[in-house]
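Please load the model in the viewer and keep a selection panel at hand.

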Amino acid sequence: PSEGSGDDKAVPRNILEQIVWDKEVEVSQRKAKKPLKSVVESSEHAPPARDFIGALTAAHRRNGVPALIAEVKKASPSRGVLRENFNPVGFFYSECITLSSSCAVLIITYDTTDVGNWRQVEIAQAYEKNGAACLSILTDEKHFQGSFENLETVRNSGVQCPLLCKEFVIDIWQIYYARSKGADAILLIAAVLPDLDMKYMLRICKNLGMTALIEVHDEKELDRVLRIDGVELIGINNRSLETFVVDTSNTRMLMEKRGDIIKEKGILVVGESGLFTPDDVAYVHSAGVSAV
Ligand SMILES: O=C(O)c1ccccc1NCC(=O)[C@H](O)[C@H](O)COP(=O)(O)O
């Protein structure tokens, strides 16, 4: 809910609230075009969901460094447009994307010797080829310039990595729709969803064979999520979605406080946001995360 300003027009308090308000309009329009019953039927015809957690665990064990969930994202509210000429599996300007042997970080270098004729590569396929365990596909159109078509295109491109649908889920319709477009996992944000909704959505994900990545930012959200049965994957976001402030020590702080119970419950943790260097990844790894 927004804080009343006294007049009729409610104003969102922060970007997350703005995104959720926009999402409510978007989802109701989409549902009018394709009702729940129809999207449930489409989800039943999708190829089986791939094992998202299995892929993360295997990569972590194999490499001894956090497994990488590489993000297919054109833009974000905090950083604006990240890539012009964005085409997730189509051609785009050349980048050499390598996973360093010591750390699961994408090193992106431009081949300036051949600027006029840059090697054309495909984002999703390049991520997979270079060692990403899973991919995260932004599907929000308004704030991230993503789409469900991107998700579907990547799924049909031959990429084998399990796919996370990175969406602002407020309605079960979106989960079925994501599954129908080939998603293997979906993001559920604790700051957006009440406990009852999270429990219900978690059950739907399980029935669909999908993984739910439940994102938290602070201790209160983490404690709420740890009280829910069946949670297998938690993302600790270092970015406050209210203020945009990024602080990687957030992961360490929460792991110090709740690492024991997380371990006891066998939950896998993903460190999210603000990770740019091998040292950043090593830092959250030492705090106990298995993936970034
Ligand atoms: O990144 C944002 O600006 C943002 C704003 C509001 C809600 C969510 C947001 N980001 C979600 C993401 O998925 C991030 O892109 C992801 O955590 C990676 O962050 P970073 O590597 O720091 O760009």
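**A guided tour by selection**

Begin with Glu219, which is partly exposed at a relative accessible area of 26% (buried means under 20%, exposed over 50%, partly exposed in between, with a 1.4 Å probe and protein chains only). The model is predicted, so local features need pLDDT of at least 70 and side-chain atom pairs pLDDT 80 or more, whereas totals for chains, interfaces and linings use all residues. Residues are numbered from 1 along each chain as its sequence is written, and side-chain values use heavy atoms, without hydrogens and water.

Glu219 belongs to helix α8 (residues 219-226) and Arg258 to helix α9 (residues 249-264), so the pair ties together parts 39 residues apart in sequence. Helices (H or I, at least four residues) and strands (E, at least two) are DSSP runs, numbered from the N terminus.

Next, select Lys23, Glu26, Arg30, Asp140, Glu141 and Glu167, which salt bridges with shared partners join into one network. By the same rule, the count comes to 18 salt bridges.

Now display the strands. Seven of them form an open sheet with parallel pairing, in the order β1-β6-β7-β8-β9-β10-β11; two strands pair if DSSP finds at least two bridges between them. At the edges stand β1 (69-72) and β11 (268-272), each with a single partner strand, so one side of each has no neighbour in the sheet. From one strand to the next the twist averages 30° (axes are lines fitted to C-alpha atoms, for helices over the stretch in contact, and angles run from 0 to 180 degrees between N-to-C directions).

Glu71 is in strand β1 and Lys166 in strand β7, 95 residues apart.

Turn to helices α1 (residues 15-33) and α6 (residues 172-180), which pack at about 65° with their axes 10 Å apart. Which residues make the contact? Lys23, Val27, Arg30 and Lys31 of α1 meet Trp173, Gln174 and Tyr177 of α6 (contact means heavy atoms within 4.5 Å).

Finally, select Glu152 and Lys181, joined by a salt bridge of 3.4 Å, N to O. Glu152 is partly exposed at 29% relative accessible area, whereas Lys181 is buried at 15%.

Notes. A salt bridge is a side-chain nitrogen of Lys or Arg within 4 Å of a carboxyl oxygen of Asp or Glu.
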